[in-house]
Each structure stands twice: as C-alpha cells, then as structure tokens.
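Hello,

Here is the structure I promised to pass on. My notes on its salt bridges and nonpolar cores follow.

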Amino acid sequence: MTSARWPSRLWIVRHGESAGNVARDAAHAAGAERIELSHRDVDIPLSPLGEDQARALGRWFASAVPDDRPDALLVSPYIRARQTLDLFRAQGGATGDDPVGIDERLREKEFGVLDGLTTSGVASVYPDQAEFRRILGKFYHRPPGGESWCDVIFRLRSLMDTIALHYAGRRVMIVAHQVVVLCLRYVIENLTEEEILAIDHQGDVANCSVTEYRFDPEGPQDGALQLVRYNDVVDHDPSTPVTAEPDRTTGVRG
C-alpha cells in the first residue's frame with residue numbers, strides 16, 4: 001500500500017432498510033421457516049423507512065464542505081443499494097457528476113440453498129447445513145450454491161486492486177451490504193478471522209451507517225488507509241429511525 005495507490009478518503013455504507021428486512025421480521029414473528037418475498041434477492045427494494053434513511057444520509061453529507069463529500073461512487077448491483085445511492089445523490093451528498101460504478105464484486109453474500117430461510121427454517125429444512133455451519137463457523141462455511149465469507153473476501157481483494165488502480169487520491173464512497181462492510185474491514189485492516197468475527201459479534205451493521213477510512217502517509221508501507229469511524233449513524237437526521245437488522249437470511253447471516 002503506497003501513497004500513489006489509495007484514495008484520500010474511503011466511505012463504506014450499508015444500504016437502507018429493505019423490504020426483505022421487513023419481511024424477515026414478519027416471518028420470525030409468525031414462526032415461519034421461510035421469508036415471504038416475491039422478488040429474487042437482487043431485486044428487493046428499499047422499504048419506505050429505508051428511503052428516508054438514504055435521504056437523511058444524503059442531507060448529512062450535503063451539509064459538509066466539498067472536501068468531506070465523495071467525488072467517486074461505487075455500488076452493488078442490487079436494487080436496494082442502487083436506490084440508496086440514487087436517493088443519497090438526489091440530496092446533494094456527492095460532488096461531481098462522474099458515472100456511478102456498478103460493480104458485481106460488491107453484491108451481497110450469496111446464501112445458495114439457504115436463501116430466504118429463517119434460523120428455524122435452516123435447522124428444519126437443512127439440518128446438515130446447520131451442523132456444518134456450527135462446526136466450521138460463518139467464516140469458512142459455504143452452503144451449496146452459496147459463498148463463505150472467504151469467497152466474499154476473495155472478490156473484495158480484487159475490488160481493492162481496482163480502486164488502487166483507478167481511484168488514487170480520490171474521495172470514494174461504496175454502497176453495499178452488511179457482510180461486504182465487514183469483509184472490507186478484514187481486507188483493508190489485515191484482520192484475522194477471530195478479530196473480524198469479534199467485531200461482527202458486537203452487533204449488526206446499521207442501515208445507512210458509515211464506515212470511513214483516511215489515507216495516512218505516515219502509515220506502514222509508505223502510507224495506508226486508517227480507520228476513522230465504524231458503523232456511525234450518530235449525526236443522522238434524528239427524525240429518521242436507525243435500524244440495524246440482519247440482511248434477508250438471518251438464520252445464516254454471513
């Protein structure tokens with residue numbers, strides 16, 4: 001990591017509350033095994049509250065000086081992430097008019113056969129997978145047709161190489177998903193499995209929360225990205241409730 005490679009600022013934002021979060025709450029309240037949704041995961045939109053959260057995030061950034069706002073934007077292809085970024089921009093949260101980079105490497109962790117199941121649903125429908133996950137842990141467990149955290153980390157290492165190549169010195173914002181936020185911390189900070197799972201254990205990444213890095217030229221290896229804040233929602237519009245709900249499949253969250 002050299003000074004010529006890294007953004008001057010990097011913000012990583014989780015999307016606003018989604019309709020999937022709301023449906024998950026209903027499924028758990030009803031004791032259901034499956035979350036009732038009519039869309040594939042990539043097409044699940046924001047909830048009305050999630051839209052308000054994204055607007056509040058945009059107003060928060062719009063109130064800052066230009067140097068404290070992003071001038072380059074990257075986003076997951078999932079609808080809820082793209083809607084979050086669109087609403088953020090509409091409130092003046094970013095400077096410049098560069099095209100948004102939609103990058104599939106920022107997509108949600110893929111849950112494979114466990115997609116859409118509640119915790120009780122996983123135990124009932126796929127008890128062998130529930131046991132595998134218990135033994136292996138979420139970092140290494142890969143459900144059939146899905147990904148482990150290691151798989152997500154592998155694609156995010158490639159993403160960081162792209163950022164280093166094309167966005168050196170820029171102020172970059174990424175809008176993506178809970179597991180992506182955590183796995184980017186793992187990559188950027190060179191964390192261990194134990195360290196990132198301890199951070200995860202502290203609680204969910206809040207919807208529209210901000211994790212921020214700044215380039216420190218005095219850091220190791222001729223400069224590095226240094227964590228400034230994590231999961232920060234303190235300065236959001238107080239009229240907009242904060243939510244910190246797991247993504248669509250809580251039973252196998254990450």
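Arg 229 is partly exposed, at 21% relative accessible area (buried is under 20%, exposed over 50%, partly exposed in between; 1.4 Å probe, protein chains only). Its salt-bridge partner is Asp 232, with the closest N and O atoms 3.1 Å apart (a salt bridge puts a side-chain nitrogen of Lys or Arg within 4 Å of a carboxyl oxygen of Asp or Glu). Asp 232 is buried, at 13%.

This is a predicted model: local features need pLDDT of at least 70, side-chain atom pairs count only at pLDDT 80 or more, and totals for chains, interfaces and linings use all residues. Residues are numbered from 1 along each chain as its sequence is written, and side-chain values use heavy atoms, without hydrogens and water.

The pair belongs to a salt-bridge network that links Arg 9, Asp 68, Glu 212, Arg 214, Arg 229 and Asp 232. Glu 212 pairs with Arg 214 at 3.0 Å between the closest N and O atoms. Glu 212 is buried, at 1%. Arg 214 is partly exposed, at 38%. For Asp 68 and Arg 9, the closest N and O atoms are 2.9 Å apart. Asp 68 sits in the loop between α2 and β2 and Arg 9 in strand β1, so this bridge ties together parts 59 residues apart in sequence (strands are DSSP runs of E, at least two residues; helices are H or I, at least four; both are numbered from the N terminus).

The largest nonpolar core has 35 residues (buried Ala, Val, Leu, Ile, Met, Phe, Trp, Tyr and Cys, joined through side-chain atoms within 4.5 Å). Leu 10, Met 160 and Ile 174 touch the most other members.

Best wishes
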